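Take a look at the model below.

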Amino acid sequence: MKHKHISVILFCLYLGAVAVLCFVRGEQLPDMPTTWFGIPADKIAHMLMFLPFPILSYQAFHPYRTGVAGQYGLLAMFTAAGAALAFATEKLQGILEYRSYELADLAADGIGLAAGAAVCAIYIYIHSKRSGQ
């Protein structure tokens, strides 16, 4: 159970960091190169910001006695919750005069969520094979 508490705390700290990054004024953020490997750096930052969401939420909130199908279902729900969070943060940024709403940011968030969900799905698969489920 101690592991579960640490996972919940880590998830909450992660959500706080996402909130800060999404709503802080742009001049308060560190300078970044404009592109990384030809991709706008802010899109990579959005992808990396949402990549941990499915993994951390799964670790923090999945019940241990759920079957494999249930775990995949929960992962899908956690990923959908991450998508709702990404959408809400973009909409709120559109309301703020110092931030903007960008569909490309939302797409980058979705790519990060999908990558995180894929990593978590692989973990569920490997863990189920090892435990004989």
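Of the chain's 133 residues, 32% count as buried. Buried here means under 20% relative accessible area, exposed means over 50%, and partly exposed lies in between (1.4 Å probe, protein chains only). This is a predicted model, in which local features need pLDDT of at least 70 and side-chain atom pairs count only at pLDDT 80 or more, while totals for chains, interfaces and linings use all residues. Residues are numbered from 1 along each chain as its sequence is written, and side-chain values use heavy atoms, with hydrogens and water left out.

The chain holds 5 helices and 2 strands. Their order along the sequence is α-β-β-α-α-α-α. Both kinds of element are DSSP runs numbered from the N terminus: helices are H or I with at least four residues, strands E with at least two. The C-alpha trace spans about 50 × 30 × 25 Å along its principal axes. Among contacts with a separation of 6 or more, 75% join residues 24 or more positions apart. A contact means heavy atoms within 4.5 Å.

Now turn to the charges. The structure has 3 salt bridges, each a side-chain nitrogen of Lys or Arg within 4 Å of a carboxyl oxygen of Asp or Glu. Asp42, Lys43, Glu102 and Asp105 are linked by such bridges in a network.

Begin with the pair of aspartate 42 and lysine 43. Their closest N and O atoms are 2.7 Å apart. Aspartate 42 is partly exposed at 30% relative accessibility. Lysine 43 is buried, at 14%.

Lysine 43 also bridges to glutamate 102, at 2.9 Å from N to O. Lysine 43 sits in helix 2 (residues 41-50) and glutamate 102 in the loop between helix 4 (68-95) and helix 5, so this pair ties together parts 59 residues apart in sequence. Glutamate 102 is partly exposed, with a relative accessible area of 29%.

Which residue does lysine 43 bridge to with closest N and O atoms 2.6 Å apart? That partner is aspartate 105. Lysine 43 lies in helix 2 and aspartate 105 in helix 5, so the bridge ties together parts that are 62 residues apart in sequence. Both lysine 43 and aspartate 105 are buried.

Stay with aspartate 105. Helix 5 covers residues 103-130. Aspartate 105 has a relative accessible area of 4%. Leaving out residues up to four places away in sequence, aspartate 105 touches Asp42, Lys43, His46 and Glu90. With histidine 46, the aspartate 105 side chain makes a side-chain polar contact at 3.4 Å. A polar contact is a pair of N or O atoms within 3.5 Å; within protein, one must be able to donate a hydrogen and the other to accept it, and residues adjacent in sequence count only if both atoms are side-chain atoms.
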